[in-house]
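Subject: Handover of a structure for your study

Dear colleague,

Please find below the structure that I am handing over to you. I would ask you to look through it first and then to read my notes, which follow it.

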Amino acid sequence: MTAVESRPAGGGTSQANEAVGELGKNSGQRPFGARVMAFVALTKPRIIELLLITTVPVMFLAQQGVPDLGLVLLTCVGGYLSAGGANALNMYIDRDIDALMDRTSQRPLVTGMVSPREGLIFGLTLAVGATLWFGYFVNWLSAWLSLGALLFYVVVYTMILKRRTSQNIVWGGIAGCMPVLIGWSAVTNSLSWAALILFLVIFFWTPPHYWPLSMKVKDDYARVGVPMLPVIATNKVVARQIVVYSWAMVAVSLLLTPLGYTGWFYTAVALVTGGWWLWEAHALLARAKEGHTGGKLKEMRLFHWSITYVSLLFVAVAVDPFLR
């Protein structure tokens, strides 16, 4: 049973908090193994996998070869701790609306597998631990970048932007761009134009990556009053914005080669994958203009492709130095 099974859509925040509190009182109903998995779930491992995909390849580019593998491991552990802490704190803050949304109704703080107090302490511990980890085992520039990303996600995105503006994911997505800078700084203890370009690639990638998912679950966001762009705008308007950001993303991704940071292999991958992305983005716009909704809109095609795109592009970032 979850905290939302017997509550009608649109229920209040106080109801959600009360239900979560009741579920968290009886620790006897929370087996140890399930509790461990619940704490792991608080870190959102699948999202962190995507963040590491953008961190490690940048380390290869910064090194122009194979970086110290021990450093790679230390950076990945620090990145997991930092992102995990941010995600746990995000779930603590959003537990009221998570209880009312279908896609988040099984999160640990909603089901009561983890209490709000435990979630808060866990998130703060990971945040402090990640900062110290980076500072002592990597370098302090990476530590401050990591802490900045965490604070931006928790404070700027979750606490300020998410429930107030349809541009929440645009500016809140900056936190998701920071692993690129962290990967570069971990190797060089500095930043560069290459790191900034890849930062901008992720910045322009984030809205057209997330908006298709938001289009599919917009009723969830509408129910809790979160003004994601698909909630307040038509599918056609959202699709147009997706196309605009997609063109900017592909254009920025091609800047690495003329500036001398990458060669033919990365350029070929960026052109092919970027071209396919633009095809999918324009196809989504065409379907939106034709008035398709539901399954016929096929918005999740672009969402799934977006994950493949960023994975292939950053693999190319890692491989390219060996082919120049």
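With which residue does Arg301 form a salt bridge? Please bear in mind while looking that this is a predicted model. The partner is Glu280, and the closest N and O atoms of the two residues are 2.8 Å apart. Arg301 belongs to helix α16 (residues 300–319) and Glu280 to helix α15 (residues 264–289), so the bridge ties together parts that lie 21 residues apart in sequence. With a relative accessibility of 43%, Arg301 counts as partly exposed, whereas Glu280, at 5%, counts as buried. The cut-off behind this reading is that buried means under 20% relative accessible area.

Salt bridges elsewhere

The structure holds 8 salt bridges. Another of them joins the side chains of Glu118 and Arg35, with an N to O distance of 2.9 Å. Since Glu118 is part of helix α7 (residues 116–138) and Arg35 part of helix α2 (residues 32–42), this pair ties together parts 83 residues apart in sequence. Glu118 has 23% relative accessibility and therefore counts as partly exposed; Arg35 has 18% and therefore counts as buried.

The side chains of Asp94 and Arg163 also meet in a salt bridge, at 2.9 Å from N to O. Here the two residues lie in loops: Asp94 between α4 (69–93) and α5 (95–98), and Arg163 between α8 (140–161) and α9 (168–172), so that distant parts of the chain, 69 residues apart, are linked. Asp94 counts as buried at 0% relative accessibility, and Arg163 as partly exposed at 32%. Both residues belong to a network of salt bridges that also includes Asp96 and Lys162.

The nonpolar cores

In soluble globular proteins, nonpolar side chains tend to be buried together. The largest nonpolar core in this model has 86 residues. The members that touch the most others are Leu198, Trp205, Trp211, Ile242, Trp277, Tyr309 and Phe314. Helix α11 (residues 193–216) supplies the largest share of this core, namely 13 residues. A second, separate core consists of 6 residues, among them Ala38, Leu42, Ala88 and Met91.

Apart from neighbours within four places in sequence, Trp211 is in contact with Ile169, Val170, Leu229, Pro230, Val238, Gln241, Ile242 and Tyr245.

A colleague

Definitions and conventions: Residues numbered from 1 in each chain as written. Predicted model: local features only at pLDDT ≥ 70, side-chain atom pairs only at ≥ 80, totals over all residues. Heavy atoms only, no water. Core = buried A, V, L, I, M, F, W, Y, C linked by side-chain atoms within 4.5 Å. Buried < 20%, exposed > 50% of the residue type's maximum accessible area, 1.4 Å probe, protein only. Helix = DSSP H or I, 4+ residues; strand = E, 2+ residues; numbered from the N terminus. Contact = heavy atoms within 4.5 Å. Salt bridge = Lys/Arg side-chain N within 4 Å of Asp/Glu carboxyl O.
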